[in-house]
Amino acid sequence: MTPPIFLPSRRLAPALLLAMLAALTACVQPHPGNETSRAGRYAPPGAPPGTCWSTHTSPAVIETVTSQVLTEPAQLDASGQVIRPATFRTETRQEIVQPRQEQWIEIPCPEMMTPDFIRTIQRALTARGLYRGPVHGQMDAATRKAVQRFQAPLGLDSGTLTLASARKLGLIAVAG
C-alpha cells in the first residue's frame, strides 16, 4: 500500500506560498564586492555616505569576422601557367570587439524622485525635444527612453537618470 500524499487545502495554500516566498527572500545575497552605504543601499567602495548608486552594464560588442583561408595552393606548370587555381574556404567567427562593462553611476536618491521632480525631468526633456509624452510625474517607459536619449551622447546608454545628467539638465545644484 502506498503512503498517503499530503496536499494542502485551498485555505492553507496561500499561507504556504507566502512562507516559501519569505524563505526565498532571506536567501537573496548582495553581489560580492559591493559595499552598502549607511542607508543600506549598494554603493561602490569608497562612496560618500548618504549617496545613492546604481550599476549600469553595457553589453559586449561582438563582430562577425569572415575570412578566406587557402586550402590548396594553385598548381602551376613549368612555364608558370596556372593548371589548377587555388581553392579557398570561408571561415566565419565571432569576435568580441569590446567586452561587457559594468560601471557604477551616482543617481538621485529615491526620496528625491517625487512626482514633482519627475515632472520637472519630463519638462526639461520636452524642452530639448527628447520627450513627447504627458507631463504626469511618473517615471514610465517613455520618460526612461527620453532620459536614455539625453544620456547616450554623454557616453551612458541608460534610462536611469544619473546625478550628473540631472545637474546637466539644471535640476540639481552643482556642488561648488
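In helix H2, the residues Phe117, Ile118, Ile121, Gln122, Ala124 and Leu125 are buried, where buried means under 20% relative accessible area, exposed over 50% and partly exposed in between (1.4 Å probe, protein chains only). Viewed down the axis of H2, these buried residues fall within an arc of 165 degrees, so they line one face of the helix; the arc is that of the directions from the helix axis to the C-beta atoms. The structure is a predicted model, in which local features need pLDDT of at least 70 and side-chain atom pairs count only at pLDDT 80 or more, whereas totals for chains, interfaces and linings use all residues. Residues are numbered from 1 along each chain as its sequence is written, and side-chain values use heavy atoms, with hydrogens and water left out.

H2 comprises 13 residues (115-127) and reaches 18 Å from its first C-alpha to its last, close to the 18 Å expected at 1.5 Å a residue. Helices (H or I, at least four residues) and strands (E, at least two) are DSSP runs, numbered from the N terminus, and the expected span of a helix is 1.5 Å times one less than its number of residues. The face of H2 turned away from its buried side carries the exposed residues Asp116 and Ala127, while the buried residues pack against helix H3 (141-151). H2 is followed by Gly129, whose phi is positive, near 75 degrees.

The largest nonpolar core, with 17 residues, has Phe117, Ile121, Leu125, Leu161, Leu169, Leu171 and Ile172 as the members with the most contacts inside it; such a core is a set of buried Ala, Val, Leu, Ile, Met, Phe, Trp, Tyr and Cys residues joined through side-chain atoms within 4.5 Å. Two or more residues are given to this core by each of H2, H3 and helix H4 (163-168), and the largest share, five residues, comes from H2. Apart from this core lies another, of five residues, among them Cys52, Ile107, Cys109 and Leu156.

The structure holds four salt bridges, each defined by a side-chain nitrogen of Lys or Arg within 4 Å of a carboxyl oxygen of Asp or Glu. One of them joins the side chains of Glu72 and Arg84 (2.5 Å, N to O), linking distant parts of the chain, with Glu72 in strand S4 (residues 61-72) and Arg84 in strand S6 (residues 82-84), twelve residues apart. Glu72 is partly exposed, at a relative accessible area of 35%, and Arg84 is partly exposed at 37%.

Note on methods
Contact means heavy atoms within 4.5 Å.
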